[in-house]
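Hello,

Here is the structure we spoke about. Please look it over, then read the notes below it.

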Amino acid sequence: MAEPDPASPDLADAVDVFTAVRSRLFGVAYRMLGSVAEAEDVVQDVWLRWQESDRDTVRDPVAFLVTATTRACLNVLQSARARRETYAGPWLPEPVDTSADPALGAERDEALHVATLMLMEKLAPPERAAYILREAFDYPYGLIAETIQVSDVNARQLVSRARRHLNVRRAAPASSAEQKRLLAAFIEAAQTGDMASLEELLAADVVSYTDGNGMRNAAPHPVAGSRNVARFVRAFRHRFWPDSVVSWITANGQPGALVSRGGTVVAFLTVAASSGGIDEVLWVLTPEKLTHIASLHQLAD
């Protein structure tokens, strides 16, 4: 996102306030929407609103800006959810390189992991907003209630319901180091088509999700079960892996891999794992969802 450019000297204080909190606003918007472009648009709209507002009457500028961002995201979510109903195949959030993209401003990893963002798609927008403000940014319930315009009691209920919906894992997630080990082993076995190694890495009820939005050869439905996922991965190895280069990144606070071919990023891959092995395999193939993370990776190179 471009730095705000004050139109006149009397906006200097407004610029300073906004710049100081902008990363948090982007963090809220990205978690709400799962899209870098949509999050940037919301933050830009909030900046314009901040310029035009009567700032002398604003008692808490940070609360004002976070509230404006959250409410704007709630509006965007209504149309976004309608668009995603016609999405071809599984929808996954756009990955963000959290080691190279300081704009995310992740104060916590909560509500940031790809698997969690995918699960949050099932939450009602107010539940999603309440959960993000509480778990990712540690907002008090009173401020959450004011932000999404509900009572304190309802704010607590929204967060509680969201936690119940999201706490579906049977075991604690594996450490970051273990997830990277499992992801590296998975990629190695996928490249060779080693069925035995693949099945050994995968939990019995593993699910593979491919976000391709109707792309040729992208799985249109989730693939479930260790044997089925292993067969699925082995089936496309000759099309996918030859002449590919794998680069390791930290995406959404967890280990991930970018797969490039001919200098172009063609896929993002990560896994969610626990003590039972890999529970979810998450592939993003849709080109427009790779543009932002690919640009950062290329700049880093």
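In which crossing, left-handed or right-handed, does α1 pass α2? The crossing is right-handed. The term left-handed is used if the near helix is turned anticlockwise from the far one by less than a right angle, and right-handed if clockwise.

Some ground rules come next. This is a predicted model, in which local features need pLDDT of at least 70 and side-chain atom pairs count only at pLDDT 80 or more, while totals for chains, interfaces and linings use all residues. Residues are numbered from 1 along each chain as its sequence is written, and side-chain values use heavy atoms, with hydrogens and water left out. Helices (H or I, at least four residues) and strands (E, at least two) are DSSP runs, numbered from the N terminus.

**The helix pair**

Helix α1 covers residues 12-33 and helix α2 covers residues 36-52. Their axes come within 9 Å and cross at roughly 145°. Axes are lines fitted to C-alpha atoms, for helices over the stretch in contact, and angles run from 0 to 180 degrees between N-to-C directions. Contact means heavy atoms within 4.5 Å. From α1, the residues that meet α2 include F18, L25, F26 and Y30. On the α2 side, V43, W47 and W50 are among them. By class, this contact has 16 nonpolar, no polar and three charged residues. Here Ala, Val, Leu, Ile, Met, Phe, Trp, Tyr, Cys and Pro count as nonpolar, Asp, Glu, Lys and Arg as charged, and the others, Gly among them, as polar.

**The sheet**

Six strands form an open sheet with mixed pairing, in the order β2-β1-β6-β5-β4-β3. Two strands pair if DSSP finds at least two bridges between them. The edges are β2 (223-224) and β3 (244-251), each pairing on one side only. β5 (residues 264-274) and β6 (residues 277-284) are antiparallel, over seven bridges. There T270 has L282 in β6 as its bridge partner. Helix α8 (residues 176-192) packs on the sheet, touching β1, β3, β4, β5 and β6. Its direction makes about 125° with that of β5.

β3 and β4 are also antiparallel, over eight bridges.

Helix α10 (residues 226-235) lies across β1, β2 and β6, at about 45° to β1.

**Around R239**

R239 sits in helix α11. Leaving aside neighbours within four places in sequence, R239 is in contact with N217 and R261. R239 and N217 are 22 residues apart in sequence and 9.3 Å apart in space, C-alpha to C-alpha.

Best wishes
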